[in-house]
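Thanks, everyone. Let me put the structure up, and then we'll go through it.

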Amino acid sequence: MKITDARAIQTGEKDLMDAILRDLDWAMIEETLKTKYSLNLGADRMAFRQGDLVVHQNQVAYKLDFDVQVTLSVMVDRKGECFDVVTTAAEEKPHTTEDSSRAAAPDQVEDSVANDPEPGSASAPTPAEASPFITSNMDTSRMASEIADLIADINRP
Amino acid sequence: MKKIISVINQRQGAGKTATAVNLAVCLGLMEKPTLLVDFDPQGDASACLGVGSEQTSGNGIYQALAGRRTLADLQRDTDFDFLKLVPAGIDLFAAEADASAMAGKETLLRDILAGAGNADYVVVDTPSSMGFLTVSALAAAHVVVVPVQCHRDALLHLGYLLKVVAKVRSGINMGLRIGAVVFTRCDTMEEAYAQVDADALKNMSSSVFVTTVARFDGLQGPAPVADIMAKVSEDYFDLAAHLVQE
């Protein structure tokens, strides 16, 4: 037995979600992701997907679903065993290894551009792209020197 | 020819917004028709020029990205005769989600800024991340200005940033260059030499303009307005003059 217009309800729900979204404290969301999940994400790596009115832990709640863009890196040793999984959005943590004789691995995991260049772009990496990644176990002088080389390559005519 | 300058660093606190705003203001004070595009959903650059989020809802750059408004519609005057602003708008957060289904999405901003016909300089402030918005700003730019804090950890992240710049340059923007590296909260180059390797910085200076910007406590509005005689104002004017002359 329909007693009201479904569109009125849907429009009201949408307006409510829009109002909640407008006043969202994005900084607090970023902080929560950082402290609770060790994800250091910028606002443009999060996109609102949908909202709903639900009951959660015995109370009315507004459930806001966000799509979060995170790159995961799986670390595999020379024996083919996975020894770590790192999210590249995580805060840097001190690197620990099980085998002290294992060669030190870079602390920083290479991230990738969120959206790749168009298909058909040059396949061969430029010297700047292919140069060894600057890592935290480099001394400051070497880091600065690598950066100078990177800039020189980028600015080469 | 219009020069598009994107101010980029994926790290928070590097001084992007301060650099973007003060650079744009200095260019305006030099009577160079300039457009400041606030491409950071946080809207801090817009707020620095007195435009709050309540004024920009539905009137920000996202409307151009979504094809609903033109850049000309969105430009607004500022207190500076030669400087206009396209604010961010809170709806810019939606840019990633809406654009993800479109091919060539990274060049959207470039196409939009081609319509900034009245500006000789376009300065783009970007968010503290390396997502769609920042990559779009790289794809649109003629030059990149990189503010960076003068310490070791900042160099580590600068290296990653430069790799991304190289990738964008080889993929979708072959004319992209680093226009300047700006060590922020650093009073002199001697201080920068002390924090970072002097030889490496001098080596870097042969490829790019390396400069410092003096400490500036908080962004209480543009530095030249607060105190045009301050060292920080002089530093930003030097940066602007270099980008005009190169």
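Chain A reads α-α-β-β-β-β-α-α along its sequence. That is four helices and four strands. Keep in mind that this is a predicted model.

How much of chain A is buried? Of its 157 residues, 14% are buried. Now the contacts. Take those in chain A between residues at least 6 apart in sequence: 37% of them join residues at least 24 apart.

Next, the core. The largest nonpolar core holds 103 residues. Which residues have the most contacts inside it? They are Ile147(A), Val122(B), Val124(B) and Val165(B). Helix H9 of chain B, residues 152-171, supplies the largest share of this core, with ten residues.

Now a helix pair. Helix H4 of chain A, residues 140-154, packs with helix H11 of chain B, residues 198-205. The angle is about 5°, and the axes are 8 Å apart. Angles under 35 degrees count as roughly parallel, so H4(A) and H11(B) are roughly parallel to each other.

Who meets whom? From H4(A) we have Ser141(A), Ala144(A), Ser145(A), Ile147(A), Ala148(A) and Ile151(A). They meet Ala200(B), Leu201(B), Asn203(B) and Met204(B) in H11(B). By class, this contact has seven nonpolar residues, three polar and no charged ones.

Methods
Residues numbered from 1 in each chain as written. Chains lettered and ligands numbered in written order. Predicted model: local features only at pLDDT ≥ 70, side-chain atom pairs only at ≥ 80, totals over all residues. Core = buried A, V, L, I, M, F, W, Y, C linked by C-beta atoms within 7 Å. Buried ≥ 20, exposed ≤ 12 C-beta atoms within 10 Å, placed from the backbone. Helix = DSSP H or I, 4+ residues; strand = E, 2+ residues; numbered from the N terminus. Contact = placed C-beta atoms within 7 Å. Axes fitted to C-alpha atoms, helices over the stretch in contact; angles between N-to-C directions. Parallel < 35°, antiparallel > 145°, perpendicular 65-115°, else oblique. Nonpolar A, V, L, I, M, F, W, Y, C, P; charged D, E, K, R; others polar.
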